[in-house]
Number of protein chains: 2
Amino acid sequence: MIRFFNGRVLTSAETVEEKELWTDGDKIAFVGVPTPQKLAEQTFEREIDLGGSLLMPSFKNAHTHSAMTFLRSYADDLPLREWLFDRVFPMEAKLDGEKIYWLTKLAILEYLTTGVTAVYDMYFEMDYYVKACVESGFRTVLCDAVSGNKKRIVELEEKYEKFNGCSPLVKYDLGFHAEYTAELGLLEEIAKLSERLGTRVSTHNSETEKEVRECIEKYGKTPTELFDSVGLLNHGGAFYHCVHLSENDIEIIKNRGMWVVHCPASNLKLASGIAPIVKLADKGIGLALGTDGPASNNCLDMFREMFLMTSLQKVTLGDASACPAGLVLDAATRGGALAMGLDDCDTIEEGKQADLIVIDLDQPNMQPLNNIAKNIVYSGSKQNVKLTMCAGKVLYEDGKFFINEDPKLIYKKANEIINSMK
Amino acid sequence: MIRFFNGRVLTSAETVEEKELWTDGDKIAFVGVPTPQKLAEQTFEREIDLGGSLLMPSFKNAHTHSAMTFLRSYADDLPLREWLFDRVFPMEAKLDGEKIYWLTKLAILEYLTTGVTAVYDMYFEMDYYVKACVESGFRTVLCDAVSGNKKRIVELEEKYEKFNGCSPLVKYDLGFHAEYTAELGLLEEIAKLSERLGTRVSTHNSETEKEVRECIEKYGKTPTELFDSVGLLNHGGAFYHCVHLSENDIEIIKNRGMWVVHCPASNLKLASGIAPIVKLADKGIGLALGTDGPASNNCLDMFREMFLMTSLQKVTLGDASACPAGLVLDAATRGGALAMGLDDCDTIEEGKQADLIVIDLDQPNMQPLNNIAKNIVYSGSKQNVKLTMCAGKVLYEDGKFFINEDPKLIYKKANEIINSMK
């Protein structure tokens, strides 16, 4: 058992309480104020004096392409088509499993610095990606990125069986890259498989205006309408981006219980637009936050995403009261977990997974303590993340990593990989 | 002398070179690759092994109200008028010099964590503010925040004489709060004083659409046109915000050589809008970056401002290539110094002030090293600031502060101050 004491606990998006927290194995065993007797009866492998710091649920990064770290700062300040076709695609074609293994480890280091313990990742060479996560003690949900024609359905069922159950840290969801890269036949096959397995499907959706316009030209339907019409949304799942939605799209998303994963930094940097988050929240649609991949962001920083989520709504709606901090903090923690289907990683409660972070309040950007939740959203930074724990294991503490790998070796490998490709 | 070696130096916004840097007193004494003989002849009080890290010019925060730290997270998610009239103004009325002294020190701690060595500050109780800065070894330019009628001109000349020359770290500029809080008679008197002293004038300008509309209703002129018509812009200076500018305003700003200080986070959070930065840059207008005060941001983080500066232009113009990283980095360093009139703090050159920072590249968000300047703008964070030096003195290093005050006492005072006011 590990004991966290002498601090505060964020027990909901806006409630801070002076409590202890004990973990047992990968779970939260106790949250509360122990009686002297209860405390005396317990032995702990480690006791962590929080010194007034805050324990809170870890952040969940609900959309990313982790291994794209190699393209960080390699293709910025370019028009979207040039970025994608002249830079990203040709470099991705040179990747292999071994490279993805190291590039994923680089991303995991960064996730830990920003208090992320689980990511919803969409990429390829999943064996190597999963190996990197499991070796590091890092949690992930895989979303398949399949594209092309219906023959590729075979892979999805194989991967579904292979990755689900391969580790307590790993879950695999049916998915596909996007409407514009998948033939209709493939979408229909995925819908059938989803029905047969009784499971959710996730994908990129309505990221750009062009994508929506061309889908309407082709099918007479928006991407959301098309997905619904072929039966892809019957078991829920998550849509990444959702920048350009019609009123009918929003109704479908609400009625099907789809989660919307907002990726504000990526949507700005690629000039895609600003998603109608307040409108979605007002409808009661579940919201999560994602960084998207490092080629389009370029960092993997949940604090940046949180500030953007609220501030972009404020400026777009001309209303400084729009999208309050509580909504943002909820999306970045509980919402992210649920959008990924991680029902036991969402909040701080006894019996849930011990996916936690410690926020150092003894730093200038966190003072004075007028409102701790608002401090986190409006002035918080990676610098405040003192400790990141995933499944009961400390993976990051005081700037040091505990992921069974030397960070310097990871940096060296990442540089070698990109230099070998240039 | 202090020697920085075994690292890289950012010698312009996009050039990184493997050089050493030596400081002597408050100045940069040498930048280059020393001959063995030159090195042997020199004795150093300290030699700092950069271990591959990057030395770069420090950031300059060209618009802020430092002492407003007490209102951080005290008045968020509120409509603008309620924020200002029900929360900010009543609390500010309870401030005094002693409180401003401590609240300024809190801001200085935060500036140092984000690599800022100088701020262009507009607030009141300047004696206490200046005391806090000078005791801390921190550089500042004061911009007066006078408002009301022409009688107040007397104070400005007094303060101009008093603060200019009081310390090598302090400079005082003529200024006033804004068009909407100053009578025309006061503006005319400031113009005359500026003429007599041959000196620059700075102010808030065109932050909100309402401010511009009401000025046009009152004077038949935009604020920029009004300022120019009374002769306020004849010796340059800086305009803070500039969100809502006409084509003619832009011409005036260009012709008068006024600096524009962009405050993107504050403009989003208060729902003011997005300044036309690319248009201003295309005209050759000088650009700087500011955080604005902590009540409207809420943090004092230049990395956040840099990412917003570029990404908001990209999304507004629908062009992922807009506002490239070099332009942003230049505004955050050189531009900020020049907007404040600090001609000797702008770049890394021999003879300039030693206002420097060290960026730790051995962190996951800085790897791989495809492009260091783009890494700083797109994925940099306060976490990467390893050392902050102002006027040749190390004020912050590895998370520790060297400002002649215990940070814990500053936090305690800040909490006591706000709690005594509630």
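**Note on helix packing and the A–B contact**

1. Helix 13 of chain A has a kink of about 45 degrees, centred on A:Ala331. The structure is a predicted model, and the points below should be read with that in mind.

2. Burial and what comes after the helix. Of the 15 residues in helix 13 of chain A, 14 are buried, so the helix is mostly covered. Helix 13 of chain A is followed by A:Gly341, which has a positive phi, near 75 degrees.

3. Packing of helix 13 against helix 12. Helix 13 of chain A spans residues 325–339, and its axis comes within 10 Å of the axis of helix 12 of chain A. The two axes cross at roughly 140 degrees. Angles over 145 degrees would count as roughly antiparallel; helix 12 of chain A and helix 13 of chain A are therefore oblique to each other. Helix 12 of chain A passes helix 13 of chain A in a right-handed crossing.

4. Residues at that crossing. Helix 12 of chain A contributes A:Met302, A:Met306, A:Met309 and A:Thr310. They meet A:Ala325, A:Val328, A:Ala331 and A:Ala332 of helix 13 of chain A.

5. The contact between the chains. Chain A gives 55 residues to the contact and chain B gives 55 residues. On the chain A side, the elements giving two or more residues are helix 2 (80–92), helix 3 (97–113), helix 10 (264–269), helix 12 (302–317), helix 14 (372–379) and helix 15 (407–421) of chain A. Helix 12 of chain A supplies the largest share of that side, six residues. By class, the side of chain A that touches chain B has 27 nonpolar, 16 polar and 12 charged residues.

6. A helix pair in chain B. Helix 3 (residues 97–113) and helix 4 (residues 126–136) of chain B have axes that come within 8 Å and cross at roughly 40 degrees. That angle makes helix 3 of chain B oblique to helix 4 of chain B. Their crossing is right-handed.

7. Residues of the chain B pair. From helix 3 of chain B the contact takes B:Gly97, B:Glu98, B:Ile100, B:Tyr101, B:Thr104, B:Lys105 and B:Ile108. From helix 4 of chain B it takes B:Asp127, B:Tyr128, B:Tyr129, B:Lys131, B:Ala132, B:Cys133 and B:Ser136. Seven nonpolar, three polar and four charged residues make up the contact of helix 3 of chain B with helix 4 of chain B.

Technical notes:
Residues are numbered from 1 along each chain as its sequence is written. Chains are lettered from A and ligands numbered from 1 in the order in which they are written. This is a predicted model: local features need pLDDT of at least 70, side-chain atom pairs count only at pLDDT 80 or more; totals for chains, interfaces and linings use all residues. Two residues are in contact if their C-beta atoms, placed from the backbone, lie within 7 Å. Helices (H or I, at least four residues) and strands (E, at least two) are DSSP runs, numbered from the N terminus. Ala, Val, Leu, Ile, Met, Phe, Trp, Tyr, Cys and Pro count as nonpolar, Asp, Glu, Lys and Arg as charged, and the others, Gly among them, as polar. Axes are lines fitted to C-alpha atoms, for helices over the stretch in contact, and angles run from 0 to 180 degrees between N-to-C directions. Angles under 35 degrees count as roughly parallel, over 145 as roughly antiparallel, 65 to 115 as roughly perpendicular and the rest as oblique. A crossing is left-handed if the near helix is turned anticlockwise from the far one by less than a right angle, and right-handed if clockwise. The bend at a residue is the angle between axes fitted to the seven residues ending there and the seven starting there. A residue is buried if 20 or more other C-beta atoms lie within 10 Å of its own, exposed if 12 or fewer, and partly exposed in between; C-beta atoms are placed from the backbone.
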